[in-house]
Amino acid sequence: MSGHDHGNEPLPPSWFEKNVDTIVRGVIGICVLLLVGDLVFHFVGHKHVHFAIEGWVGFYAVVGFISYVGLVLTAKQLRKLVMRSPDFYGDEVASADPPHPHSVVVGSSSDATSTVEGKKGLAQSRRDAEVAEEEEGEESELDAESSSAAESESNGGSSVHVHGDEDEDVHEVDDTAESALDAESSSAAESSSAAESESNGGSSVHVHEDEDEDEDVHEVDDTAESASDAESESDEESDDDDDEEEAR
Amino acid sequence: MNELAQQLFPGEILLFGAMLVPFVKGKLRSALVVLLPLLSLGHLLMLELGHDATVSLAGFTLHIVRVDALSRIFGIVFHIAALLCCIYALHVKKALEHVATLVYAGSAIAATFAGDLISLFVFWELTALSSVFLIWARGIDDPERRERAYEVGMRYLIVQVGSGVLLLMGILLHLSDTGSYGFDRMALDTSRGAPFIFVAFGIKAAFPLLHNWVQDAYPEATVSGTVVLASFTTKLAIYALARGFAGTELLIPIGAVMTAFPIFYAVLENDLRRVLAYSLNNQLGYMVVGIGVGTELALNGAAAHAFAHILYKGLLLMSMGAVLYRTGTVEASKLGGLHKSMPLTTFFCVIGALSISAFPGLSGFVTKSMIVSSVGEMHLPIIFGVLLFASAGVCDHSGIKVPFFAFFAHDQGWKVKEAPKHMLVAMGIAAVLCIGIGVFPGLLYEYLPFPEVAAQYHAYETTHVLTMLELLMFAGLAFVVLMKLGVYPPELPAVNVDSDWVYRKAAPEVVRDGYSLATYARLKAWSAVVAVRSAFLRLLSVHHQPPRGTLGEPWSPSATTLWAALLLGFMLLVHYA
């Protein structure tokens, strides 16, 4: 049912993507206009307020801005306290997530066929993932390989995975760096309690057991900054979890 | 015709009509599920204000229908929601979901018009029993999720039925104390039963710490199931609170916490339908505050906000449902750039987002402002401040985060089809209603519990429009600034521990490992100590390397001098103070 296109060409950039700066300038412009309007109204009109402070010029502007920043930054800190691995309750549907479209194909060396997996593809990848997990049981070393095998099969056997063996591909293609970071940050969070990596085996793209690549990726692109933020946060998480394990 | 209408109770058409659904197929079934809510709405509109009906059952005289302004407005919006949900779910092939939707909507509507506590209890329980199938249906559609769907459904059912049991206890105690089982305004000290009834309503209205079933269960339902679930149960509880506990001051702080607490989680959450479940919780907070304030303006506001909320929340969830339907995920970390392939869905989602943010010209603006104004009139500065803070918060998680990360943000390379036609139709109707209420608030105000008070209220007053625009635009500006600075928290797939930790993690561990509660608390405390210790050690050792380490950075002489001076100054203070 889920309609998806075959082919690699990303959709051309839209008006929104081309005019980000215009939009930002627009927002700033409206904000300035509102403040001016507020100032004019302060002297010309009569404000109906419940509390005296509401009548101050720009009170709501300050409240809006400060509340928003305060909320987001507080919530960000809250992560340290409340964030756990997606399988914290032991009910993560390992293969429920479709593979990250970017990490699946972009810039593959050979004939990749689809950018997006539809539901059919998904079901297929799930079955493959099961197989992969069974194999895992026997030979745990194959962990990463088998999962990637399952993935590539479901994608027409041609995709590039963010994966230890394929480091070079990652370096070649600019875009992949970003997706690598995405995948990395997610996998960092997911594999936070190290023991769980087993259950994650089959599903999305994971970058385990490869410290080298970690560094390489940082070299590739400077968006690493934000990702490394995430990374360090989830690192801390992982330690916390480990400690919990210890304590128990 | 009219006589027949008088004999039916509202919702009856849906309850019994649902029984026909499994027996028809294809287009006929589609026609039936759309026709039933329309018929039922027509029936409701034929009943006049003040209409009452009773039935005798097992020695009780049940006041099964009471049509007044309060029950009518909830009844009308429940019907509109049922209609939208039925249209939105037309792609569903199996009868189960359609039947569950119709029975659930029918019982919520019947509960709204129940004039006594016993009929309320019956329909209250029926909403719980019918709605759980919308969660389990996900496990039927998708065998991979079977176990998860089953467990979520069971947790949901336990909470819902728990609320029902408390309600029953409350009713029985109330009956023995007062001799009446009429469902009228009461206070917490009216009877020994009243507090139980209050908590039973509170569970379904997602009071703080009793709230987590919403975020646990709603995002786990099917594409259309989540829209259905989000429309009825919690708003039925809001209705029940407005009917039973209007003016109970305890509700004001409870509601204020509800507006502020969930938005922190909404910022962090990655599953966009779960973000909306947290934001639903926040919106309920406004209504609860309004009910607590209890003035005519406030009650009008609560009812109006519930009306508008059902529509824009439904719209937002429908747009996310369409995304889930097309891409197979609603995780912000995997989405982005969908405005190119799903432009109409994007447009509808933005309408919903602006409505929930209370942008002037849209429904949230003309309804939320009544509640905020009533708080202002009561001169409750702290509550007023919390509501303003929460307004900026709504602007973040529902107004910006949901549309931005799903449809804009970073193009993730999705190439999918636009949402199916029937979904677009349902979203379109909801969007038109959101705009319609925003532009012509008078149409809604006529149906409020106190229409004469509502007629006096003018939402579009210069001060109000200006201040609200300022609040929202500067919140938007803050988002731009945070994004540009790169400090906006990245979307990460994770579980954020909330109050359900108590029954999903702690309680099972206590039972499984046979700890006493004291031992368990000690263990948890110890692990916290270990965590702090190891964090400190890490600060000293792991991050000690000069380039990254917190303490590894070279200290400038001026900073060292400053710290030394501060330390000496502190010692002086301590010494002479």
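I started with helix α11 of chain B, residues 251-268: at 1.5 Å a residue its 18 residues should span 26 Å, and the end C-alpha atoms sit 27 Å apart, which agrees. The expected span here is 1.5 Å times one less than the number of residues. Helices are DSSP runs of H or I with at least four residues, strands are E runs of at least two, and both are numbered from the N terminus.

Before going on, I noted that this is a predicted model, where local features need pLDDT of at least 70, side-chain atom pairs count only at pLDDT 80 or more, and totals for chains, interfaces and linings use all residues. Residues are numbered from 1 along each chain as its sequence is written, chains are lettered from A and ligands numbered from 1 in the order written, and side-chain values use heavy atoms, with hydrogens and water left out.

Back to α11(B): 15 of its 18 residues are buried, so the rest of the structure largely encloses it. Buried means under 20% relative accessible area, exposed over 50%, and partly exposed in between (1.4 Å probe, protein chains only).

Next I looked at the hairpin. Strands β1 (residues 52-57) and β2 (residues 60-66) of chain B run antiparallel and are joined by 5 bridges; strands pair if DSSP finds at least two bridges between them. Ala53(B) has Val65(B) as its bridge partner in β2(B). There are 2 residues between the strands, and Ala58(B) in the turn has a positive phi of about 50°.

Then the cores. A nonpolar core is a set of buried Ala, Val, Leu, Ile, Met, Phe, Trp, Tyr and Cys residues joined through side-chain atoms within 4.5 Å. The largest one has 204 residues, and Phe201(B) and Leu241(B) have the most contacts inside it. Its largest share, 21 residues, comes from α13(B). Apart from it lies another core of 9 residues, including Ala61(A) and Phe474(B).

What does Ser341(B) touch, leaving aside neighbours within four places in sequence? I found Leu11(A), Trp414(B), Val416(B), Lys417(B) and Glu418(B) in contact with it, contact meaning heavy atoms within 4.5 Å. Ser341(B) lies in the loop between α13 (296-327) and α14 (343-356) of chain B, and is buried at 11% relative accessible area.

Last, the cysteines. I counted 0 disulfides over all chains, a disulfide being a pair of cysteine sulfur atoms within 2.5 Å. For Cys31(A), the nearest cysteine sulfur is that of Cys395(B), 10 Å away. Cys86(B) has its closest cysteine sulfur in Cys85(B), at 6.9 Å, too far for a bond. Cys31(A) is buried at 2%, and Cys86(B) is buried at 3%.
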